[in-house]
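This report goes through a few features of one protein chain. Keep the sequence and the structure in view while reading.

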Amino acid sequence: MAQAILDRTDHSRRQARQPLRGRVRRGRSANLLYLPALALFAVFTVYPLVRGAALSFTNWDGYTPNQDFVGMANYLRLLTDPTFHTVLLNTLLYGVGSTLIQQVLGLALAVALDRPSRLRSAARALIYLPVLVSPVIMGTMYYLLFQYNNGTFNDIMTALGQQRAAWLSDPGWATVIIVVVNSLQFTGISMVIYLAGLQSIPGEYYEASSLDGATTWKQFTNITVPLLQPAFAASIVLNLIGGLKLFDIIKVLTAGGPGYSTNSVSTLISVSYFDDQSAGYASAMGVVLFLLILVVSLAVNAVLNRRSLEA
């Protein structure tokens, strides 16, 4: 009798062990599916990053095979280069300015379009449409509006008896225009993120607060904003990264001019590599830009996540 019980116990253990082994085997097989993606990531992301960092310690001109090691010379040059200092400030302005505008517009549009309406779907699609347009095309469209000769805004001003304005030749105006154009194009991303966050908030919260006499503004500040903290984190980080590496719109609208006054670090890298033939120096700027985006993104994400947990 005891032997029969032991035999049944061993049989049950073997049956229980077989599905576990099968799951482990299937899990190992599934892990192999990651290999193509990891290979592509290594070839197109990790290798260029490592290679660029290595080139930043050379004086390579980008064309000849000569790559003499110069140590930290390129990074020391960055510390004393007034042009790079100006461009670095421009980059922060593009990133922070665009992010702030996109959050305000995106949240306002999301709240407005979260309400039932016959035109809600069409309005959402129309606002998101610029995201699908190439930044080069978007920049060209706005260039036709702001150009000095035959520009739409200047034609309107002359028709009203006013003088033409050099919108894109004035560093101040050109910087503002770049920030606004970039913000208007990618506001749709913030809107979609905030719409998803709004639709995940239970309606019972608003109903209960209405019974307690809460106004619409109180509901927004005490319910909507705290529960949108994860959406804030995602939207701000995505928009910040996009603004810090801004390239296409600047190239089309101002080409970084007048002088270097509207360049971002991305466009200055292009100028240093192709025009000045200073690939080593351009690589050093690329490393600095990578570290800037990494540090700013991690810091902002950490702060927003901490606030989300506190909320």
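Two residues are in contact here when they have heavy atoms within 4.5 Å of each other. The model is predicted.

## A buried serine

Ser 183 is found in helix H8, which covers residues 171-199. Which residues does Ser 183 touch, leaving aside its neighbours within four places in sequence? They are Gly 97, Ser 98, Ile 101 and Gln 102.

Is Ser 183 buried or exposed? Its relative accessibility is 0%, so Ser 183 counts as buried. The cut-off for buried is under 20% relative accessible area.

The largest nonpolar core has 17 residues. Those with the most contacts inside this core are Leu 78, Phe 84, Val 265, Ile 269, Met 285 and Leu 289. At least two residues of the core come from each of these helices: H3 (73-80), H4 (82-113), H11, H13 (265-275) and H14 (279-310). Helix H14 gives the most, with 8 residues.

Ile 269 shows some of the contacts in detail. Leaving aside neighbours within four places in sequence, Ile 269 is in contact with Ala 282, Met 285, Gly 286 and Leu 289.

## Helices H10 and H11

Helix H10 spans residues 216-227 and helix H11 spans residues 229-244. They pack at an angle of about 55 degrees, and their axes are 4 Å apart. The two helices are therefore oblique to each other.

On the H10 side, the contact is made by Val 225, Pro 226 and Leu 227. On the H11 side, Gln 229, Pro 230 and Phe 232 take part. By type, the residues of this contact divide into 5 nonpolar, 1 polar and no charged.

## A salt bridge

Side chains of opposite charge can pair when their charged atoms come close. How many salt bridges does a search of the whole structure find? The search finds 1. Asp 155 forms a salt bridge with Arg 164, and the closest N and O atoms are 3.8 Å apart.

Asp 155 has a relative accessible area of 34%, so it is partly exposed. Arg 164, at 30% relative accessibility, also counts as partly exposed.

## Phe 153 and its contacts

Phe 153 lies in helix H7, residues 152-159. With a relative accessible area of 32%, Phe 153 is partly exposed. Not counting residues up to four places away in sequence, Phe 153 touches Leu 145, Phe 146 and Trp 167.

Phe 153 and Ala 165 are 12 residues apart along the chain. Their C-alpha atoms are separated by 8.7 Å.

## Backbone details in two loops

Most residues other than glycine have a negative phi, and most peptide bonds are trans. The loop between helix H12 (248-253) and H13 holds Pro 258. The peptide bond from Gly 257 to Pro 258 is cis, with omega near -5 degrees. Ala 255 lies in the loop between H12 and H13. Phi of Ala 255 is near 55 degrees, a positive value in a residue other than glycine. Ala 255 is partly exposed, with a relative accessible area of 48%.

Gln 277 is found in the loop between H13 and H14. Phi of Gln 277 is near 55 degrees, again a positive value in a residue other than glycine. At 42% relative accessibility, Gln 277 counts as partly exposed.

Notes
Residues are numbered from 1 along each chain as its sequence is written. This is a predicted model: local features need pLDDT of at least 70, side-chain atom pairs count only at pLDDT 80 or more; totals for chains, interfaces and linings use all residues. Side-chain values use heavy atoms; hydrogens and water are left out. Axes are lines fitted to C-alpha atoms, for helices over the stretch in contact, and angles run from 0 to 180 degrees between N-to-C directions. Angles under 35 degrees count as roughly parallel, over 145 as roughly antiparallel, 65 to 115 as roughly perpendicular and the rest as oblique. Ala, Val, Leu, Ile, Met, Phe, Trp, Tyr, Cys and Pro count as nonpolar, Asp, Glu, Lys and Arg as charged, and the others, Gly among them, as polar. A nonpolar core is a set of buried Ala, Val, Leu, Ile, Met, Phe, Trp, Tyr and Cys residues joined through side-chain atoms within 4.5 Å. Buried means under 20% relative accessible area, exposed over 50%, partly exposed in between (1.4 Å probe, protein chains only). A salt bridge is a side-chain nitrogen of Lys or Arg within 4 Å of a carboxyl oxygen of Asp or Glu.
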